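Please keep the sequence and the 3D view open as you read.

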Amino acid sequence: MSRLHEGAELAVDHLTKTFGAVRAVDDLSFTARPGRVTGFLGPNGAGKTTTLRILLGLVRATSGRATISGRTYGELVRPTRTVGAALEAASFHPGRTALDHLRVYAPQVGVDDRRCSEVLELVGLDAVAGRRVGGFSLGMRQRLGLATTLLGDPGVLVLDEPANGLDPEGIAWLRALLRHLAGEGRTVLVSSHVLSEVQQTVDDVVIIARGTLVHQSSLAELAALAEPSVRVVSPDARGLADLIESAGWADRVAEDGTASTGTAVLRRVAAAEVGARAFAAGLEIHELSAREVGLEDTFLRLVDERPGHVQAGEEAR
Ligand SMILES: Nc1ncnc2c1ncn2[C@@H]1O[C@H](COP(=O)(O)OP(=O)(O)OP(=O)(O)O)[C@@H](O)[C@H]1O
């Protein structure tokens, strides 16, 4: 028998799921490893929830497989002890207390009252154990949902948008808890449509768009894909245009106002390089500023998302 806390590899292998004409998941493959928090990221409608539902045996795949330690959810011997899942802000009986909510699930998982109190303490709800859930905020409900997933002390945690509804303090708390759980050797898979929400929590990222994988790596490798850029302003618009032309940067111009305002934003060019060339050309420069490229920008570039842009198929919901 496996030790408690022992994580298992999650493997999604050439997974496809169609709903009528909509290809929600399209030949998707990725893995999530024990001891690490993996961010499962993609814009709304990218296919995250569908993938997680297949992994948890709630939806049947059209083709391909999603496995936990080589087994599908249905093949697991003790599923509630192996995987803890919180798929959406779970529905709670408003009249039940937090402790009673857990007591309802405890027999299914095979744990006692003591464990219910333990998990309430773990998620910081011990002080309100006897309060009715009906009066709980969304953040408190998220915590109770998480407590429910932890009842069986599972080695694998699958959490769909767990940061939703949490205030900054709650997000910081969630981050610490997930890091702690992964530190114990568990496999933690966390979905989100906003990278910035989980970027301080995750070790690895799996990014999907339109049902397909666009990127899988460590967070550090994703950060290395960031493209620095530099903003240059000169009172001599003609001179700046000539400089860009002679340096061979024409295809690196991200925003161009050289002809009218003498302003240009250049991608993958260092400020020092622009400064040196401008100095050599005797070009007067009024602004030369390196722009920080956040991880979120890299993420949005990878999923090719524009503000207000709707993914194909999303209207089918
Ligand atoms: N039961 C269903 N019937 C029909 N289409 C569905 C069904 N479930 C999901 N879809 C479609 O599959 C696509 C992927 O949806 P899914 O919920 O998996 O995405 P998501 O990445 O979790 O998005 P969100 O962050 O908005 O929850 C969407 O186009 C959605 O409309």
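The bridge partner of L41 in β7 is S192. Two strands count as paired if DSSP finds at least two bridges between them, and helices (H or I, at least four residues) and strands (E, at least two) are DSSP runs numbered from the N terminus. You are looking at a predicted model, in which local features need pLDDT of at least 70, side-chain atom pairs count only at pLDDT 80 or more, and totals for chains, interfaces and linings use all residues. Residues are numbered from 1 along each chain as its sequence is written.

**S192 and its surroundings**

- Strand β7 covers residues 187-192, and S192 lies in it.
- Is S192 buried or exposed? S192 counts as buried because it has 22 C-beta neighbours inside 10 Å.
- The scale works like this: a residue is buried if 20 or more other C-beta atoms lie within 10 Å of its own, exposed if 12 or fewer, and partly exposed in between, with C-beta atoms placed from the backbone.
- Setting aside neighbours within four places in sequence, S192 is in contact with G39, L41, E161, A163, E197 and V198; contact means that the C-beta atoms, placed from the backbone, lie within 7 Å.
- A163 is 29 residues away from S192 along the chain, yet their C-alpha atoms are separated by 8.0 Å.

**The sheet**

- Strand β3 (residues 37-41) pairs with β7 in the parallel sense, over five bridges.
- Both strands belong to an open sheet of six, in the order β5-β6-β7-β3-β8-β9, with mixed pairing.
- At the edges stand β5 (83-86) and β9 (212-218); each has a single partner strand, so one side of each has no neighbour in the sheet.
- On average, neighbouring strands of this sheet are turned by 15° against each other, direction ignored.
- Strands of a sheet pair through backbone hydrogen bonds, either parallel or antiparallel.

**Helices across the sheet**

- Helix α5 (residues 138-150) lies across β5 and β6 (156-160), running at about 160° to β5. Axes here are lines fitted to C-alpha atoms, for helices over the stretch in contact, and angles run from 0 to 180 degrees between N-to-C directions.
- Ten of the 13 residues of α5 are buried, so this helix is largely enclosed by the rest of the structure. Among them are L144, A147 and L150.
- The cover over the buried residues of α5 includes β5, α3 (98-109), α4 (113-122) and β6.
- Helix α11 (residues 295-303) lies across β3, β8 (204-209) and β9, at about 40° to β8.

**Nonpolar cores**

- A nonpolar core is a set of buried Ala, Val, Leu, Ile, Met, Phe, Trp, Tyr and Cys residues joined through C-beta atoms within 7 Å.
- Which members of the largest core, with its 61 residues, touch the most other members? They are V119, L120, A147, V158, V188 and V190.
- Another core, of ten residues, lies apart from it and includes V230, V232, V274 and A278.

**The whole chain**

- The secondary structure comes to eleven helices and 13 strands.
- Buried residues make up 35% of the 317 residues in the chain.
- The domain assignment gives domain 1 (10-219) and domain 2 (229-292); such bounds come from an automatic or database domain assignment.
- The C-alpha centres of domain 1 and domain 2 lie 47 Å apart.
- The C-alpha trace spans about 80 × 45 × 40 Å along its principal axes.

Methods
Contact = placed C-beta atoms within 7 Å.
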